[in-house]
6 protein chains.
Amino acid sequence: MSANTTALVISAHSADFVWRCGGAIALHQERGIDVTVVCLSYGERGESAKLWKQEGMSLAAVKAARRDEAENAAAALGVSDIQFFDVGDYPLDLGRETQDRMVDVIRKVQPQFMLTHSQWDPYNTDHMNTMRFALDCRMIAQAWGHNPGEKVLGAPQLYLFEPHQTEQMQWKPDTFLDITPVWDKKRAAIECMQGQEHLWDYYTNVAQNRGNHFRRNSGGQSGGRDCRYAEGFQSVFPRTVDQL
Amino acid sequence: MSANTTALVISAHSADFVWRCGGAIALHQERGIDVTVVCLSYGERGESAKLWKQEGMSLAAVKAARRDEAENAAAALGVSDIQFFDVGDYPLDLGRETQDRMVDVIRKVQPQFMLTHSQWDPYNTDHMNTMRFALDCRMIAQAWGHNPGEKVLGAPQLYLFEPHQTEQMQWKPDTFLDITPVWDKKRAAIECMQGQEHLWDYYTNVAQNRGNHFRRNSGGQSGGRDCRYAEGFQSVFPRTVDQL
Amino acid sequence: MSANTTALVISAHSADFVWRCGGAIALHQERGIDVTVVCLSYGERGESAKLWKQEGMSLAAVKAARRDEAENAAAALGVSDIQFFDVGDYPLDLGRETQDRMVDVIRKVQPQFMLTHSQWDPYNTDHMNTMRFALDCRMIAQAWGHNPGEKVLGAPQLYLFEPHQTEQMQWKPDTFLDITPVWDKKRAAIECMQGQEHLWDYYTNVAQNRGNHFRRNSGGQSGGRDCRYAEGFQSVFPRTVDQL
Amino acid sequence: MSANTTALVISAHSADFVWRCGGAIALHQERGIDVTVVCLSYGERGESAKLWKQEGMSLAAVKAARRDEAENAAAALGVSDIQFFDVGDYPLDLGRETQDRMVDVIRKVQPQFMLTHSQWDPYNTDHMNTMRFALDCRMIAQAWGHNPGEKVLGAPQLYLFEPHQTEQMQWKPDTFLDITPVWDKKRAAIECMQGQEHLWDYYTNVAQNRGNHFRRNSGGQSGGRDCRYAEGFQSVFPRTVDQL
Amino acid sequence: MSANTTALVISAHSADFVWRCGGAIALHQERGIDVTVVCLSYGERGESAKLWKQEGMSLAAVKAARRDEAENAAAALGVSDIQFFDVGDYPLDLGRETQDRMVDVIRKVQPQFMLTHSQWDPYNTDHMNTMRFALDCRMIAQAWGHNPGEKVLGAPQLYLFEPHQTEQMQWKPDTFLDITPVWDKKRAAIECMQGQEHLWDYYTNVAQNRGNHFRRNSGGQSGGRDCRYAEGFQSVFPRTVDQL
Amino acid sequence: MSANTTALVISAHSADFVWRCGGAIALHQERGIDVTVVCLSYGERGESAKLWKQEGMSLAAVKAARRDEAENAAAALGVSDIQFFDVGDYPLDLGRETQDRMVDVIRKVQPQFMLTHSQWDPYNTDHMNTMRFALDCRMIAQAWGHNPGEKVLGAPQLYLFEPHQTEQMQWKPDTFLDITPVWDKKRAAIECMQGQEHLWDYYTNVAQNRGNHFRRNSGGQSGGRDCRYAEGFQSVFPRTVDQL
């Protein structure tokens, strides 16, 4: 339909946006769509095991290291804007103050679509709390009486990006995005994540297999569109179209 | 993506295609996409109460009357091709022979997308059996070893159109189609259904309310696209896209 | 079974009780059952777009206007008691204090049945938070050790009234209530909602179509009970009966 | 609403009606509602292990023994009519001929409500096939064009009675029926099932615990209606009511 | 696999661990596995109706009585450690402080498996809140950056024990544990619950019927393992095995 | 519990057993458990696109080629017995005769556990029909009155192996099996599938990523069991255990 110009990613921890939608970010940035990434936390307590195993590590040092990695990855993906809310992790503090900050960002960005975590994640409640938080903030940003005079939000799609162990998360992708043109950028961003090297090949495998799913659904054995790497997304809201 | 050129509707009874996707049919026909409608039965036993209440009615007469109505409705919608399989209803005979006929049609039409009934319908098992039948036939049409030499089917989307009492049918629309430009055609087709006049206003209400849903999802209170009439569809398979 | 004498509606915003269960309220009031309506908020921030589009509007003025509308609607429905908790909206403040106020009301009313929002609503998290809040408060009101000496609550049914875009809300009605005798009152109450005129016909359509569902389930083509307007409800708890 | 006068039970094997709805049968019979029980099979192959362990047993002898048990149980419950379709079990033959026989019975009985098995049963596919079969037959019995001239069926509720290992069957009761007044009859009927003595206490436990559920839902700790034995049922279709 | 040496039960109210997993506790204790039970509250407000019906009862007296019962029951089961968090009930206070206390316990115990309430419970939101709380705490206990230097938690299974009215709780057991060898201990513990005598036979019935389910799944009619009493559990996480 | 000695795989098409449970087969065979594989069809029509694209191909030639591949793969896995039912594919003929043949095999093998396809597969209805067929046959094999005198089946677990595009199939693994010791055999078997080379790396990726899931669930960041390749399975029936 109308050309999208901005998008917003809400990432619970500072690496999530890389594994889960790095391809989507790079692809849309290449097409002139500015993507803002908000990292609610650095994943400093819960997703930095490798750093903490080092001698003499401190919370500040872990945060700094994680921030560096995330900024490098964002640069590799061509992200136009990355913000760190630093609200703590395991658990995230998603109270009223964080909510207001996020609503401010949403209103400023006016995203045509948003991306965040899955609805259920028994391994990592930060993830599912972030999804609920994204729904709350989207709703508040639409309210004419919240900071009256500001431009209110429309009705952007909220895509849930791929969680780890998808089947345990009640996550079912309804959209496969071809990220072949930007795969090199995604892999480069992935390799910025020094602390989680055990996941580099894991998410390369995921991207290749999602490429297979793309091909299967775009034409199958009779010859679908070629696609070597893809990402999957689950839509929360229905689409509105002029043609099926 | 690529321009669609053909579509296929599989309708359990001869009136279903009108209520449930008449707008989609008319809209795509207007845009040069040829829509083939297959009516598996006339609904002669189970959906013709008004006719059967007449004195001296026979099965042949009911079928003829229902066929007339369906052909008139198809003409009103601009359907390029309507076929009647006449396999009986309540229950439909969906055995191997009907399957082979349907696969032949699918292969001939090579639809870019297909439409049929919901997955569950405890009121009307013909409807849910038709959905399973559509999956069977789509699969067979993709098989290189079925009538080798014929052109095999690709991987068309299967849309499930709106059932009666949606919430009882586990049906959740993920796509709203704006049918405002062709509403007059749909209403005209609806009025061809002389035997089911009690449903004319019902499905007009549905179309108006789906229009509200379209607006809510295309922009909401901040000003979505206008849309006065819409139809809803549930996709069975994921979409493959180049942009979110 | 035993005659009900009181009922309680918990409405997130001040208009919800009108669209979603105005018929049930009017019908039971006519039969001598006193219905108490609690509006947790006026929907002053999130559901008053039309007011906010006016020049020089203030929060106080929006609240006053919304309160007027709600009181007028309540009067049209014959509501015996309407209370405004004014806890803010988008989001609602449903903390311990609000909880205690609500438990006090529940204990005072001793409702034979309660009505509130659906369990899931990704568009409007106030709605689904209200459902959880209602469960919390019902439970506390049953506790013998909460304000010992007060009369504890029995085990009233909790009906979930109809949300907007039912299929997106995982809402499945199991009970249709014939509101034909009080339809004029419901329409009058609806027309009190000056700020949401775009929904008047929408909910009239809903009522008519639920009437169709009532007829279909009370007898179908063989001649069900007539019913021109109905409302649908989903029960949270099982019924206890002496006869099927 | 209107007084029910007849009911119909569709039981896959000849003992199912006893364990699963013997109380409902006896209770309604006592109140003048004639209950017809159709046993599709004797459970002669799959549910007669104890008989088959006897020396020199034959299929005919098993059937005769099972029929005796079922007739005795039916007598104990006061069943007005019990019919044995004898279509074989493990698996049942539910083809077109069985369907036509069942539709004839349904039309003759004109039940105000029907009872049958749960929708899912991975242990016993006869059970879930019977549920689908009941939906098929109910639909056909409603068709004006099936044996025109006969009285068509209205829209009776279909209750799914309690399966073994409820949680594995996706069965969720929404209705608890107090069977205390007829418990002695149910226990007597249960004791007619000589071949399945290991289930006598099992279903007594079930009835007692369902009594607890009845009390919990009719008033809880604040004093619900007393009830010592109950049965649970899941409704397939919504109820239509004049009062909540 | 490797021998388990410790387990942890998180019980919302002080009696829950008895009804729901008393057998599992006694059985594992007998085998040298130390089980720690944390009672978040005494159930002093919501689950002590019988006590509150006595003249002149106070909150402190109810708590003391409930604590005595729980300690007696724990002794009957051979529990190695029982702790009372006393965070209030109806509702529980599960804020950051309670979370930190629980994480400390988890880290100290280093359980090979954990047990807690079901994911959904509309009757008792304390129960479902406890399940979410258990997920939160398990996650935090795994975080290397939470109290760095402490031993972090591995990936213990979280079993959801049997709720009351299982079918209303979306609870589906995937594991049946034979508790026949310790049934006498469980019954003794049950009888310590003087205030809830109405549940003694209820949970005896449950244990007997779960024994039937054990036998059915361990061999069925062809001769499964004998088992007279069992408990059922639902696993949250997948198992990792070396053999199917 | 007791040592398993035999297992049975029911594979819709002749390659399914390789991709989906080749590791489980090889692993158990190495441990002395005899695995019987039944291929209902060769996948000759629907899963042999590459062969059909060759000039002058015939159905007989496709079947022969597919059989060779399957036998080679079975040999690579050390399968003790592989049988080809040759009932046709797309669709499979799963009528009474096929059922009887399968029941004979089940009774002869007396498997301690069985493996087959997922419950839902809209891409490939052969797969989901096979799952239902497996349930039917398991039930019949348990019937004392089916071919009286034969040894009846106990209550073996039915594992559903990994489908393609797991999230579309409502498949949720609850068991991860470490297949590292036999990975070379599985890869060798995979490479026997000359006609489906596009899937070799796909299923290698799957095995590696399931290895990650194994590690995550066996200990996580605190040091789970190492595992480089795994397979996932969903259990249909509950487990019966003596220890959690």
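1. With a relative accessibility of 5%, Arg107(A) counts as buried, where buried means under 20% relative accessible area, exposed means over 50%, and partly exposed lies in between (1.4 Å probe, protein chains only). The model is a predicted one, in which local features need pLDDT of at least 70 and side-chain atom pairs count only at pLDDT 80 or more, while totals for chains, interfaces and linings use all residues. Side-chain values use heavy atoms, with hydrogens and water left out, residues are numbered from 1 along each chain as its sequence is written, and chains are lettered from A and ligands numbered from 1 in the order in which they are written.

2. Arg107(A) pairs with Glu150(A) in a salt bridge whose closest N and O atoms are 3.0 Å apart, a salt bridge being a side-chain nitrogen of Lys or Arg within 4 Å of a carboxyl oxygen of Asp or Glu. Because Glu150(A) sits in the loop between helix H5 (125-141) and strand S5 (157-161) of chain A, and Arg107(A) in helix H4 (residues 96-109) of that chain, the pair ties together parts that are 43 residues apart in sequence. Helices (H or I, at least four residues) and strands (E, at least two) are DSSP runs, numbered from the N terminus. Glu150(A), at 33% relative accessibility, counts as partly exposed.

3. In chain B, the side chains of Glu30(B) and Lys185(B) meet in a salt bridge at 2.9 Å, N to O. This pair links distant parts of the chain, with Glu30(B) in helix H1 (residues 16-30) and Lys185(B) in helix H6 (residues 183-191), 155 residues apart. Glu30(B) is partly exposed at a relative accessible area of 46%, and Lys185(B) is partly exposed at 32%.

4. Arg210(C) forms a salt bridge with Glu167(B), the closest N and O atoms being 2.6 Å apart. The pair crosses between chains, from helix H7 (residues 200-218) of chain C to the loop between strand S5 (157-161) and strand S6 (175-178) of chain B. Arg210(C) is buried, with a relative accessible area of 4%, and Glu167(B) is buried, with 8%. Salt bridges that share partners also join Glu162(A), Arg210(A) and Glu167(F) into one network.

5. Over all chains, the count comes to 75 salt bridges.

6. The same surface serves both copies, since 97% of the contact residues of chain B recur in chain A, contact meaning heavy atoms within 4.5 Å.
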